[in-house]
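This report walks through a single protein chain, from its nonpolar cores to its sheets and helices. Please keep the sequence and the 3D view at hand while reading.

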Amino acid sequence: MLRKLFRGGRSAAALPPSMIPPGERVYAIGDVHGCAVQLERLLAMIAADDGDRAAADTTIVLLGDLVDRGPASAQVIDQLIGLRESAPGTRFIAGNHEEVFLHSLEGDEQALRMFCRIGGRETIMSYGLTGPEYERLDYAELAAELPRIVPARHVDFLRGFEDVVTIGDYAFVHAGIRPNIALPLQKTSDLRWIRDAFLNFPGRHEKMIVHGHTIAPEVERRAGRIGIDTGAYAGGPLTALGLEGEESWVLQATA
C-alpha cells in the first residue's frame, strides 16, 4: 500500500519552507516496533520511489523504537543490520525502547521489569523463548537468560545508535526536544521520552523536528514538528517521510 499525503498545520502555509540541501534526499521511518513485514514492504517502497526520482545522495533515517510490542523485533534488527551493510549511510536513532532493552541486557532488574511491561515480552519471544518458558522465569532468571539468547551483534548494533541527526533545516529525533533549548544542549532523556512539553509547543524550533514516539492516526504536521509514528504495531501503517529540497511526501506500508 502506498499513499502520498500533503497535510499542513494551520499556519504551515505562512511559514518559510524547510529545506534539504541540493542533491540530497532523505527518507525518515517512524517507530517499527517489531513489525518486520511492514518494514520489508516499506523498504521496498522506498527503493522503488527513490529509483523513480532523479539521482540523489539518499539517506534513510530510522527514528527509533525498532523493538517491543510487535511480534518480530529480532527479525527487524536482522533486517536493519542487512540494510546498514547494503546502505552504509543509513542512520539509526535510539528510542526509549532501545534504551530500556540495553539496560535490561546489562542486568538492570528495574529496567527489565519496565521492559517486560512495555512490550519486552514480545521481543524476548522473538529471540526464541516460548511463552511457557517466559512465564516460568523470575526476573533474576530472565536477566541471566537475555545475554544467552540475544546475539552480541544485535547488542553492538543497538549501542551504536545516535540521539540526533541533522540534515539541512531538519533535525531527526525519537521523541522530540525541550523547546527553547539549543539542540546541542538537549538532554538524552528528553530526546527519547518527552511528550507534552514538546507536542503542545505552538512555535518553531531552530530546525524542523521530525519525530516518532507518540502515535497519531496520520502524519502530524505542525509549525515546528512532523510526527510520523502512525502505530504500526497497533494496526496502523508503518510510515516513511520523504524529503528533498522543499518537497515532502509520505509512503506507508500496512501488514
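A nonpolar core here is a set of buried Ala, Val, Leu, Ile, Met, Phe, Trp, Tyr and Cys residues joined through side-chain atoms within 4.5 Å. Buried means under 20% relative accessible area. The model is predicted.

## Cores

The largest nonpolar core has 51 residues. Within this core, I29, L42, L66, L80, I124 and F157 touch the most other members. Take F157. Beyond its neighbours within four places in sequence, F157 contacts L66, I77, L80, I81, R84 and F92. A second core of 18 residues is separate, and its members include A28, L63, I228 and L243. In soluble globular proteins, nonpolar side chains tend to be buried together.

## The sheet with β1 and β9

Five strands make up an open sheet with mixed pairing. Their order is β3-β2-β1-β9-β10. β3 (91–92) and β10 are the edge strands; each has a single partner, so one side of each lacks a neighbour in the sheet.

Strand β2 (residues 57–62) runs parallel to β3, and two bridges join them. L62 lies opposite F92 in β3. F92 is also one of the contacts of F157.

Next comes strand β9 (residues 238–244). Six of its seven residues are buried, so β9 counts as mostly covered. On one side, β9 pairs with strand β1 (residues 24–29) over four bridges, in the antiparallel sense. There V26 stands opposite L243. L243 is also one of the members of the second core.

β9 also pairs with strand β10 (residues 247–253), again in the antiparallel sense. This pairing spans seven bridges. G242 has W249 in β10 as its bridge partner. The β9 and β10 hairpin leaves two residues between the strands. In that hairpin, G245 takes a positive phi near 55°.

## The other sheet

β4 pairs with strand β5 (residues 170–172) in the antiparallel sense, over three bridges. T166 faces A171 in β5.

In sheets like these, strands pair through backbone hydrogen bonds, either parallel or antiparallel.

| Strand pair | Sense | Bridges |
|---|---|---|
| β2 and β3 | parallel | two bridges |
| β1 and β9 | antiparallel | four bridges |
| β9 and β10 | antiparallel | seven bridges |
| β4 and β5 | antiparallel | three bridges |

## Helices α1 and α2

How do the axes of α1 and α2 cross? Helix α1 (residues 36–52) and α2 have axes that come within 9 Å and cross at roughly 25°. An angle under 35 degrees counts as roughly parallel, so α1 is roughly parallel to α2. The crossing is right-handed. On the α1 side, A36, L39, E40 and L43 make the contact. They meet Q75, V76, Q79, L80 and L83 in α2. L80 is also one of the residues that touch the most other members of the largest core.

S73 belongs to helix α2 (residues 73–86). Is S73 buried or exposed? S73 is buried, because its relative accessible area is 0%. Not counting residues up to four places away in sequence, S73 touches G34, L66, V67, D68, T123 and S126.

## Helix α3 and its surroundings

Helix α3 (residues 96–105) is mostly covered, with nine of its ten residues buried. The buried residues are N96, H97, E98, E99, V100, F101, L102, S104 and L105. They pack against four helices: α4 (109–126), α6 (139–149), α7 (152–159) and α8 (188–193).

The axes of α3 and α4 come within 9 Å and cross at roughly 115°. Angles of 65 to 115 degrees count as roughly perpendicular, so α3 is roughly perpendicular to α4. This crossing is left-handed. From α3, the contact draws on H97, V100, F101, H103 and S104. From α4, it draws on A111, L112, M114, F115, I118 and T123. T123 is also among the contacts of S73.

Just after α3, G107 takes a positive phi of about 95°.

Technical notes:
Residues numbered from 1 in each chain as written. Predicted model: local features only at pLDDT ≥ 70, side-chain atom pairs only at ≥ 80, totals over all residues. Heavy atoms only, no water. Buried < 20%, exposed > 50% of the residue type's maximum accessible area, 1.4 Å probe, protein only. Contact = heavy atoms within 4.5 Å. Pairing = 2+ DSSP bridges. Axes fitted to C-alpha atoms, helices over the stretch in contact; angles between N-to-C directions. Parallel < 35°, antiparallel > 145°, perpendicular 65-115°, else oblique. Left-handed = near helix turned anticlockwise from the far one by under 90°.
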